[in-house]
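Morning, everyone. Please have a look at it first.

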2 protein chains.
Amino acid sequence: MSSSEVTILRIWNTQREKRVDLVAKEAPISIKVNGKKVATLLATPTDLGELACGFLYSLGLVKGMDDISSFSETGSEIEITAELTKEFEPDEQVLTSGCGKGVIILSYLLGKIDSDLVISTEAITLLMDEFQLKSVGYKTTGGVHSAGISDGKRILVFKEDIGRHNAIDKAIGNLLLKRVSLKDKILLTSGRVTSEVVTKAVRAGIPILISRSSPTDMAITLSEYSGVTLIGFARKKRMNLYAHIERVLEGIGNW
Amino acid sequence: MSSSEVTILRIWNTQREKRVDLVAKEAPISIKVNGKKVATLLATPTDLGELACGFLYSLGLVKGMDDISSFSETGSEIEITAELTKEFEPDEQVLTSGCGKGVIILSYLLGKIDSDLVISTEAITLLMDEFQLKSVGYKTTGGVHSAGISDGKRILVFKEDIGRHNAIDKAIGNLLLKRVSLKDKILLTSGRVTSEVVTKAVRAGIPILISRSSPTDMAITLSEYSGVTLIGFARKKRMNLYAHIERVLEGIGNW
């Protein structure tokens with residue numbers, strides 16, 4: 001994780017202490033596709049290639065790595081050469097609670113996930129324990145979100161970013177770059193699940209989405225509609241199941 | 001707060017319980033200015049007039065309520081007639097960790113806040129206690145962020161939304177609509193403080209920003225530069241002071 005040292009004054013009860021603390025790094029990152037600037041993300045400046053690839057993929061602008069012929073990083077800019085699935089014509093400045101993009105409506109056209117993947121409650125608890133252990137950036141700065149992708153047994157990729165969407169895009173981008181299929185994978189996130197997060201899972205074909213935090217009503221509706229198993233508040237030995245619970249099996253053995 | 005009832009399966013240890021739970025509402029909200037759609041926000045569908053006014057103000061498109069001649073709400077669309085400070089020409093789709101807008105660079109041109117406002121650590125603790133008590137939406141759904149504006153003694157306005165930016169825009173919009181000055185006020189937020197959150201405070205001329213959560217490095221730099229007092233992790237009797245700590249006085253009396 002990328003963090004900066006700052007000197008702060010900490011107050012606790014009547015105690016005051018000047019100390020060096022770690023905070024999450026944030027920087028504007030420009031994404032250029034075929035010479036055209038398509039977005040400026042405020043993100044944690046790490047894994048920029050993965051961020052850009054995952055971002056374009058989650059946005060539906062590329063179908064996979066075959067569409068991306070090259071990318072190069074120059075400081076805070078990522079330049080990508082890609083075969084786009086559609087002409088990118090930014091005709092509206094879309095700004096939302098967390099990069100809205102107005103894709104929610106489009107989501108209903110994304111189709112339905114059909115997958116035989118299952119997971120036990122025991123495996124969910126173990127995965128989320130591992131997920132917590134990996135969250136070093138959160139522990140040191142308290143200011144980042146985490147995302148991971150798992151095959152049900154272990155966490156294959158783990159990313160942190162000041163933006164919960166960026167962390168997910170980085171994780172998805174990482175597996176895209178390695179050309180690992182996402183269809184039989186599980187998406188883990190530390191953040192709240194809005195419709196946009198479910199959209200990212202659906203676009204990637206990921207059938208199971210697990211969050212430490214809570215979903216919105218639209219996220220539940222979209223999960224139900226799109227065939228995504230949605231699990232929230234997955235912490236320690238508890239969790240809430242919101243949609244497509246048929247993929248969650250009883251735990252084997254005791255916790 | 002606006003919430004929806006959903007039936008979920010809750011798992012706790014080996015117990016499974018089917019129950020009705022509350023989740024935060026989320027809906028796409030279109031903002032049209034002078035007949036032109038400028039944004040689609042995914043937001044909690046409440047206080048839409050305040051959201052739209054606060055949003056345009058935070059974006060710097062209007063200087064205040066004098067620039068807004070009318071607004072009307074039709075379902076999930078807000079139509080606003082306003083005198084814009086600049087022509088709105090969306091020439092780039094800017095998408096970020098939480099509605100970036102690429103305004104970070106602009107922020108450096110916003111000028112510096114010059115204010116004699118001070119607050120005691122005791123008052124901060126009392127305000128944040130009150131802020132927590134008011135967070136009903138968070139308590140019921142776990143899925144929303146809160147924002148409030150205070151005069152240092154009490155919380156004048158309190159808003160909740162699935163997006164931390166929307167909650168702040170609603171709170172600012174509320175006082176704008178009442179034509180209450182923001183220059184001697186304190187902004188309270190439950191969420192992480194990124195540079196965009198500081199930008200909202202600076203635009204509104206708010207000299208003190210207090211969060212229950214953590215800031216990024218860019219948020220600290222921007223606060224330092226813009227003259228904003230930045231306080232993080234303000235919970236119970238602790239807090240961290242990051243920038244312009246001269247406005248924070250020793251508590252009077254014991255906690």
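**Rings, helices and a lysine**

In chain B, F131(B) and F158(B) are both buried. Keep in mind that this is a predicted model.

Now the aromatic pairs. Over all chains, the count is 2. One is F131(A) with F158(A), in an edge-to-face arrangement. Their centres are 5.4 Å apart, with 70 degrees between the planes. Where do these two residues sit? F131(A) is in helix α3 of chain A, and F158(A) is in strand β9 of chain A. The pair therefore ties together parts 27 residues apart in sequence. F131(A) is buried, at a relative accessible area of 0%.

Back to chain B. F131(B) and F158(B) also pair edge-to-face, 5.4 Å centre to centre and 70 degrees between the planes. Here the link runs from helix α3 of chain B to strand β9 of chain B.

Next, a lysine over a ring. K112(A) lies over the face of Y225(A), 5.8 Å from the ring centre. In chain B, K112(B) lies over the face of Y225(B), at 5.8 Å.

On to helices. In chain B, the axes of α1(B) and α5(B) come within 7 Å and cross at roughly 95 degrees. That makes the two helices roughly perpendicular. Residues in the contact include L51(B) and F55(B) from α1(B), and I172(B) and L176(B) from α5(B). By class, the contact has 7 nonpolar, 6 polar and 3 charged residues.

Last stop: helix α6 of chain A, residues 195-204. Buried or exposed? 10 of its 10 residues are buried, so the helix is largely enclosed by the rest of the structure. Among them are E196(A), K200(A) and R203(A). Just after α6(A), G205(A) has a positive phi of about 75 degrees.

Note on methods
Residues numbered from 1 in each chain as written. Chains lettered and ligands numbered in written order. Predicted model: local features only at pLDDT ≥ 70, side-chain atom pairs only at ≥ 80, totals over all residues. Heavy atoms only, no water. Buried < 20%, exposed > 50% of the residue type's maximum accessible area, 1.4 Å probe, protein only. Helix = DSSP H or I, 4+ residues; strand = E, 2+ residues; numbered from the N terminus. Axes fitted to C-alpha atoms, helices over the stretch in contact; angles between N-to-C directions. Parallel < 35°, antiparallel > 145°, perpendicular 65-115°, else oblique. Contact = heavy atoms within 4.5 Å. Nonpolar A, V, L, I, M, F, W, Y, C, P; charged D, E, K, R; others polar. Phe/Tyr/Trp six-rings, centres within 6.5 Å; stacked < 30°, edge-to-face > 60°. Lys NZ or Arg CZ within 6 Å of the ring centre and 35° of its normal.
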